[in-house]
Amino acid sequence: RFVPFAAVAAANCVNIPLMRKNELLDGIDVLDKDGNVIGKSQAAARSAIVQVVCSRIVMATPGLVLTPIFMNFLDKRTSIFKNGRGWLNAPITVLFVGGVLTFATPMACALFEQQSSIAITSLNQDLQDTAKENGVDGDYLYFNKGL
């Protein structure tokens, strides 16, 4: 019953990095606290992709894990699907998944801030030098993680 969850999790782990391959190769913009672009960072791109993969898996978890448990409970412990009412299985499943996703999607999107931070010391030396040349205050630069 949990094979779809494993499939969705695996697909997210493969699909998102493939779709964002250019970001891994070229880097994504890193900004100072005032929003000025300092440069492009592959380390920030890796961090952004990991955050997005995690939030997508968290987003899928309630619908793909709770639904089989709930439907199994209804099937075994109630008589809702008996006496010719088996057709209720699909609408109840859709309503339950819709209700779960109403809360799971915003929760998963809020798991990581949209504007994430990365320590300047974890960036490549060229970008660290550029940050110093631009007089960046603080120890962090910021990037948009995407969705």
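This is a predicted model: local features need pLDDT of at least 70, side-chain atom pairs count only at pLDDT 80 or more; totals for chains, interfaces and linings use all residues.
Let me begin with a term: a salt bridge here is a side-chain nitrogen of Lys or Arg within 4 Å of a carboxyl oxygen of Asp or Glu. With that in hand, Arg20 forms a salt bridge with Glu23, and the closest N and O atoms of the two are 2.8 Å apart.

Residues are numbered from 1 along each chain as its sequence is written, and side-chain values use heavy atoms, with hydrogens and water left out.

How many salt bridges does the structure hold? There are three of them, and I will take them one at a time, together with the accessibility of each partner. For that I use three words: buried means under 20% relative accessible area, exposed means over 50%, and partly exposed is in between, with a 1.4 Å probe and protein chains only.

In the pair I opened with, Arg20 has a relative accessibility of 13% and so counts as buried, whereas Glu23, at 24%, counts as partly exposed.

The next pair is Lys40 and Asp29, whose closest N and O atoms are 3.1 Å apart. This pair links distant parts of the chain, since Lys40 sits in strand E2 (residues 37-41) and Asp29 in strand E1 (residues 28-31), eleven residues apart.

The remaining pair joins Lys33 to Asp137, with the closest N and O atoms 3.9 Å apart. Lys33 lies in the loop between E1 and E2, and Asp137 in the loop between helix H5 (125-133) and strand E4 (140-144), so this pair ties together parts that are 104 residues apart in sequence. Lys33 is exposed, at 56% relative accessible area, and Asp137 counts as exposed too, at 53%.

Let me now turn to the helices. Helix H1 (residues 3-19) and helix H3 (residues 42-77) pack at an angle of about 160 degrees, and their axes are 9 Å apart. That angle makes H1 roughly antiparallel to H3, a label given to angles over 145 degrees, where axes are lines fitted to C-alpha atoms, for helices over the stretch in contact, and angles run from 0 to 180 degrees between N-to-C directions. On the H1 side, the residues that meet H3 include Phe5, Val8 and Ile16, and their partners in H3 include Val52, Arg56 and Leu64; contact here means heavy atoms within 4.5 Å. By class, this contact has 14 nonpolar, two polar and one charged residues.

H3 also packs against helix H4 (residues 89-109), and the axes of these two come within 9 Å and cross at roughly 150 degrees. H3 and H4 are therefore roughly antiparallel to each other. Among the residues of H3 in this contact are Ser55, Phe70 and Met71, and among those of H4 are Asn89, Ile92, Thr93 and Ala108. By class, the contact of H3 with H4 has 16 nonpolar, six polar and no charged residues.

Gln51 lies in helix H3, and at 12% relative accessibility it counts as buried. Leaving out residues up to four places away in sequence, Gln51 touches Phe112, Glu113, Ser116, Phe143 and Lys145.

Ser55, which is also in H3, counts as buried at 5% relative accessibility. Beyond its neighbours within four places in sequence, Ser55 is in contact with Ala108, Leu111 and Phe112.

Not counting residues up to four places away in sequence, Met71 touches Phe81, Asn89, Ile92 and Thr93. The C-alpha atoms of Met71 and Lys132, in contrast, are separated by 58 Å, although the two residues are 61 residues apart along the chain.

How values were computed. Helices (H or I, at least four residues) and strands (E, at least two) are DSSP runs, numbered from the N terminus. Angles under 35 degrees count as roughly parallel, over 145 as roughly antiparallel, 65 to 115 as roughly perpendicular and the rest as oblique. Ala, Val, Leu, Ile, Met, Phe, Trp, Tyr, Cys and Pro count as nonpolar, Asp, Glu, Lys and Arg as charged, and the others, Gly among them, as polar.
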